[in-house]
Amino acid sequence: MSFRTPLMDTLGLDHPIIQAPMAGGGDTPALVAAVSQAGGMGFFGGAYLSPDQIIESGRAIRSSTNRRFGVNLFAPQPVSEPPTAPHRAVDRVAPFFAELGLETPSPPVLAADPFEDRLAAALESGVSAFSFTLGLLPDFAVQAIKAKGMTLIGTATTVDEAVALERSGVDAIVAQGGEAGGHRGTFLGDLNAGVVGTMALVPQVLDAVSIPVIASGGIMDGRGIAAALVLGADAVQMGTAFLTCGEAGVPDAYKAAIFAATESRTRVTRAFSGRPARGIVNRFMETVEAGASGDDILAFPLQNTLTRPMRTAAGKQGKADYLSLWAGQGVRLARRLSAPDLMSALVAETDAALARVAAR
Ligand SMILES: Cc1cc2nc3c(=O)[nH]c(=O)nc-3n(C[C@H](O)[C@H](O)[C@H](O)COP(=O)(O)O)c2cc1C
């Protein structure tokens, strides 16, 4: 790609394309390595991995590429009040457990957040960039990451969050628009309010901060990448587009659901994890959300813990109606390609789109 941006130099990229971290298994070492090897940058999500698994993932990626790659964690979450009626959430999900042949789950209990152990592992995992979402990092973490010479990238869904992230010392910001698949990074104000589209968010964030901005949300092909670059983004971060690659580690039923979905069949829901996240509408989402209030859906991470055995069993049984089918609004543009082939296509399409605009 003829286009170069300052962040591409900082991260050592040939192309301004970042494969989004996708905690939960989509972002296999094979996917991350293939994207980095093709001149973009792959990230692996460590939010649900043990410290040993983080080290192991880093090692597995490094064994397949000498190019740079990154890690991603969730920022530590404020501890919420314990639910007063957790059985209400249990009652809502129990029929789905039964359908899969699982016993009724127990009310989940809050485990200690192993953020510091994951951070320590991430620092030793061989990455050159560290991104995070769902909040700000504590000062000690910012210092430790910078002391390692890693590029630090935070996630914003509003201008206020971008400003707070810049003040906290990050080197770049992922501006995550409302189209994005997966968890909303929102951490200031009403968690349900931060659904601003990528087209509106990116230029407003750019006007408010002086560090590079990475556009994310609904970008699936070279037209989207070109649009983000024209808006002023230094790079894009794409999740859903990479989920249907052969290297991605999600069940076939999940990939099939993406190919069957349309732009209006994704929704932001709390039903699976307790935190707003965009995924393809399925029966679990619709049923659990219907008329829900209070402890019908628990706060993150309790709801996530509650539904995990169901999601794991559904993956093994190939049943998409019980999976958290995180995906963005660009689902119709999903392709069944290998990661290297997708990267080649994205680069060619971006060049073609920029040339088309220049020729007009
Ligand atoms: C399956 C899935 C898992 C995700 N997991 C993470 C994660 O662990 N950390 C993170 O910062 N973002 C995560 N995201 C959000 C992405 O970083 C990104 O904002 C989003 O994929 C962009 O929208 P798109 O899917 O339309 O490309 C996830 C997205 C998906 C689809």
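The shell around the ligand, classed by residue type, holds ten nonpolar, twelve polar and no charged residues, where Ala, Val, Leu, Ile, Met, Phe, Trp, Tyr, Cys and Pro count as nonpolar, Asp, Glu, Lys and Arg as charged, and the others, Gly among them, as polar. The model is predicted, with local features requiring pLDDT of at least 70 and side-chain atom pairs pLDDT 80 or more, while totals for chains, interfaces and linings use all residues. Residues are numbered from 1 along each chain as its sequence is written, and side-chain values use heavy atoms, with hydrogens and water left out.

Of the 22 residues around the ligand, the ones that come nearest are Asn72, Gly218, Gln237, Gly239 and Thr240; a residue is counted as near if one of its heavy atoms lies within 4 Å. Strand S3 (70-74), strand S9 (235-238) and helix H10 (240-243) each contribute at least two residues to this shell, helices (H or I, at least four residues) and strands (E, at least two) being DSSP runs numbered from the N terminus.

| Residue and atom | Distance to a ligand oxygen atom |
|---|---|
| Gln176, polar side-chain atom | 3.1 Å |
| Gly239, polar backbone atom | 2.9 Å |
| Thr240, side-chain N or O atom | 2.5 Å |

Taken alone, the ligand exposes 590 Å², of which the protein buries 96%, with accessible areas computed by the Shrake-Rupley method and a 1.4 Å probe.

Two backbone features remain. Phe300 and Pro301 are joined by a cis peptide bond with omega of about 5°, and Pro301 lies in the loop between helix H12 (283-289) and helix H13 (302-317). Leu134, although not a glycine, has a positive phi of about 70°.

Conventions:
Polar contact = N/O pair within 3.5 Å; in protein donor to acceptor, adjacent residues only side chain to side chain.
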